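Subject: Structure handover

Hello,

Here is the structure I promised to pass on. Please open it first, then read my notes below.

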Amino acid sequence: MGKKILIVDDAAFMRMMIKDILTKNGFEVVGEAENGAKAIEKYKELNPDLVIMDITMPEVDGIQAVREIKKLDGDSKIIMCSAMGQQAMVIESIQAGARDFVVKPFQAERVIEAVKKVIG
């Protein structure tokens, strides 16, 4: 497969969990960021095939980061993840340009299913 993925979450253990799920399933994690501002920088630098982005983060939140990344690259593929299964957040994420949404705590199968759906 070898698809390059950027993981964005303010919690290091969540990034580690997601990275573990992805690498076990043949995906390559090319970078990690702990907030939206860093996510935008890393996106420019690494040009990943997919971004897995938390919503609630310090400095720049996930929804704002999605909007910025979409401005840089209209074809960018982003999956949002958040502990808050709030409808408004999900809708706002999708409107901002996210392709899918995974709710924490997530099952490995759901993460892989979303990734495969978005980047094939």
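This is a predicted model: local features need pLDDT of at least 70, side-chain atom pairs count only at pLDDT 80 or more; totals for chains, interfaces and linings use all residues.

In which helix is the place of serine 93? Serine 93 sits in helix α4, which covers residues 87-96.

**The whole chain**

The protein has 5 helices and 5 strands. Along the sequence they follow the pattern β-α-β-α-β-α-β-α-β-α. The radius of gyration is 12 Å. A compact globule of 120 residues would have one near 14 Å, so the value agrees with that. Along the principal axes, the C-alpha atoms fill a box of roughly 30 × 30 × 25 Å.

Of the 120 residues, 46% count as buried. Now take the contacts between residues at least 6 apart in sequence. Of these, 64% join residues at least 24 apart. The accessible surface comes to about 5,900 Å². Carbon and sulfur atoms account for 50% of that surface.

On charge, there are 17 positive and 19 negative side chains. The centres of the two sets lie 4 Å apart.

**Helix α4**

Back to serine 93. Is serine 93 buried or exposed? Serine 93 has 0% relative accessibility, so it counts as buried. The cut-off for buried is under 20%. Leaving aside neighbours within four places in sequence, serine 93 is in contact with Ile55, Ile63, Met80, Ala98 and Phe101.

The buried residues of α4 are Val90, Ser93 and Ala96. Why do they line one face of the helix? Seen down the axis of α4, these buried residues fall within an arc of 130°, so they line one face. An α-helix has 3.6 residues a turn, so residues three or four places apart point the same way.

On the other side of α4, Gln87, Ala88 and Gln95 are exposed. The buried residues of α4 pack against α3 (62-72), β4 (78-82) and β5 (100-103).

Valine 90 is also in helix α4. Its relative accessibility is 19%, so under the 20% cut-off it counts as buried. The C-alpha atoms of valine 90 and methionine 53 are separated by 12 Å. Along the chain, these two are 37 residues apart.

Just after α4 comes glycine 97, with a positive phi of about 125°.

**Helix α3**

Which residues of α3 are buried? They are Gly62, Ile63, Ala65, Val66, Ile69 and Lys70. Down the axis of α3, these buried residues fall within an arc of 155°, so they too line one face of their helix. They pack against α2 (36-46), β3 (50-54), β4 and α4.

**The loop between β5 and α5**

Phenylalanine 106 is found in the loop between β5 and α5 (108-119). With a relative accessible area of 10%, phenylalanine 106 is buried. Which residues does phenylalanine 106 touch, not counting those up to four places away in sequence? The list is Met14, Met17, Ile18, Ile21, Cys81 and Val111. Phenylalanine 106 and phenylalanine 13 are 93 residues apart in sequence. In space, they are 13 Å apart, C-alpha to C-alpha.

Proline 105 is also found in the loop between β5 and α5. The peptide bond from lysine 104 to proline 105 is cis, with omega near -10°.

**Backbone points to check**

Some background for this part. Most residues other than glycine have a negative phi, and most peptide bonds are trans.

- Asparagine 47 is in the loop between α2 and β3. Its phi is near 45°, a positive value in a residue other than glycine. Asparagine 47 is partly exposed, with a relative accessible area of 46%.
- Glutamate 59 lies in the loop between β3 and α3. Its phi is positive, about 65°, although it is not a glycine. Glutamate 59 is exposed, with a relative accessible area of 69%.

That is what I found. Over to you.

Best wishes

Key. Residues are numbered from 1 along each chain as its sequence is written. Side-chain values use heavy atoms; hydrogens and water are left out. Helices (H or I, at least four residues) and strands (E, at least two) are DSSP runs, numbered from the N terminus. The radius of gyration is taken over C-alpha atoms; the globule rule is 2.2 Å times the number of residues to the power 0.38. Buried means under 20% relative accessible area, exposed over 50%, partly exposed in between (1.4 Å probe, protein chains only). Contact means heavy atoms within 4.5 Å. Accessible areas come from the Shrake-Rupley method with a 1.4 Å probe; for residues, only the protein chains shown count as cover. Lys and Arg count as positive and Asp and Glu as negative; His and the chain ends are not counted. The place of a charge is taken as NZ of Lys, CZ of Arg, CG of Asp or CD of Glu. The arc is that of the directions from the helix axis to the C-beta atoms.
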